[in-house]
Amino acid sequence: MVVRQRARNVGLVGVALVLGLALGGCASQATPGSGTSAVPSSSASEAAAAAAECGAGTIDAAGSSAQRNAVEQAIITFATVCPDVVVRYDASGSGAGITRFTAGEVAFAGSDSALNAGKGEVDAAAARCGAPAWNLPMVTGPVALAYNLDTVGQLVLDAATTARIFRGEITSWDDPAVAALNPGELLPAEEIQVLFRADESGTTENFTRYLAAAAGDVWTDAPAKTWPVEGVGEGREKSAGVAEAVATTPSSLTYVEWSYAKENRLGVAKIDNGSGPVELTTESVGATVATAERTGAGDDLTLRLDHATREPGAYPIVLVTYEVVCSTGLDEPAAAAVRAFLRHLASTEVQQSLADIGYAPLPTSVREDVLDAIGSLG
């Protein structure tokens, strides 16, 4: 039988985190009549810091569906920290989020890729803000190769074989190339039902970036937000669409954020990065993100990941989703509210809680830089 990862209920995790924040806040208060104050925990301190500068009003944001589950969980707990601020997030996709941000329709955008200078996004964002926009890495979203196979216990794939499947060169699960990676598994003589993102997607860009880096001559297309292969498979809208399609389509395969694979109880392939099969875990993702190269200047924290890593135990198909923000230019109540929410999302307790729903916490060094940049937002 297929190994299916059991999803955690986001609502229950959110409630548990709310209680943790509330109890942490209570613990930091002085005991009536005691004349002393308890020393707050680090998580309570971060929550208190966010509460001190909440701002007010409604924050509208839009973009990456990859980070939807993470942002929605953070919104739930943020309401206990800054109850006078309402945050609304439209998971319309990275491309749509950037478009709405540069048009001035949202306070910040979620994107699975940093602003692209070649496509005019950097200039358009600067024109909207009246100053440079920054890319702040906030949510690490591993990309799973999710499958629906009842006869396979644990599927293993590598970059070249995956590229050939998504190009339509390998069409059956019992193909010799797949069998060589999966000795002892009962691979059915059935057609592989390939599913891909039909909308413009940062997840697609990151998945094709992995294939371009790691699959050698098998994959010749440049990384792009739009799926580049015609005539192979079927497209579905947004991350939820491809995940739900795999859940209901036997013999299917897709690329989708780990959180959606967990939510839909899909099988998740191990990836052979050249040093053996690597299971998708928070630790194997962290091993890749920790080695990312900083390519942004100053408080622009754009990262370059090594998708072709052969580091033992490093999971290579990783995306870092950004919050794209104006470095300055928002009115102060709105700027304060954005700072408070982003500080909450980057806090230790929220980052750690995201592991329960299919994300990996930011490495400490990256998280500290993000918090410094948030404090500089005007």
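Let me start with serine 239, which sits in helix H9, residues 238–248. Helices here are DSSP runs of H or I with at least four residues, strands are runs of E with at least two, and both are numbered from the N terminus. The model is a predicted one: local features need pLDDT of at least 70, side-chain atom pairs count only at pLDDT 80 or more, and totals for chains, interfaces and linings use all residues. Residues are numbered from 1 along each chain as its sequence is written, and side-chain values use heavy atoms, with hydrogens and water left out.

Is serine 239 buried or exposed? Serine 239 counts as buried because its relative accessibility is 1%. Buried means under 20% relative accessible area, exposed means over 50%, and partly exposed is in between, with a 1.4 Å probe and protein chains only.

Which residues does serine 239 touch? Leaving out residues up to four places away in sequence, they are Ser65, Ala66, Arg197, Thr203, Val256, Glu257 and Tyr260. Contact means heavy atoms within 4.5 Å. With glutamate 257, the side chain of serine 239 also makes a polar contact of 2.5 Å. A polar contact is a pair of N or O atoms within 3.5 Å; within protein, one must be able to donate a hydrogen and the other to accept it, and residues adjacent in sequence count only if both atoms are side-chain atoms.

Now the backbone. Most residues other than glycine have a negative phi. Lysine 238, in helix H9, has a positive phi near 65 degrees. Serine 251 has a positive phi near 70 degrees and lies in the loop between H9 and strand S8, 252–257. Lysine 238 is partly exposed, at 31%; serine 251 is buried, at 5%.
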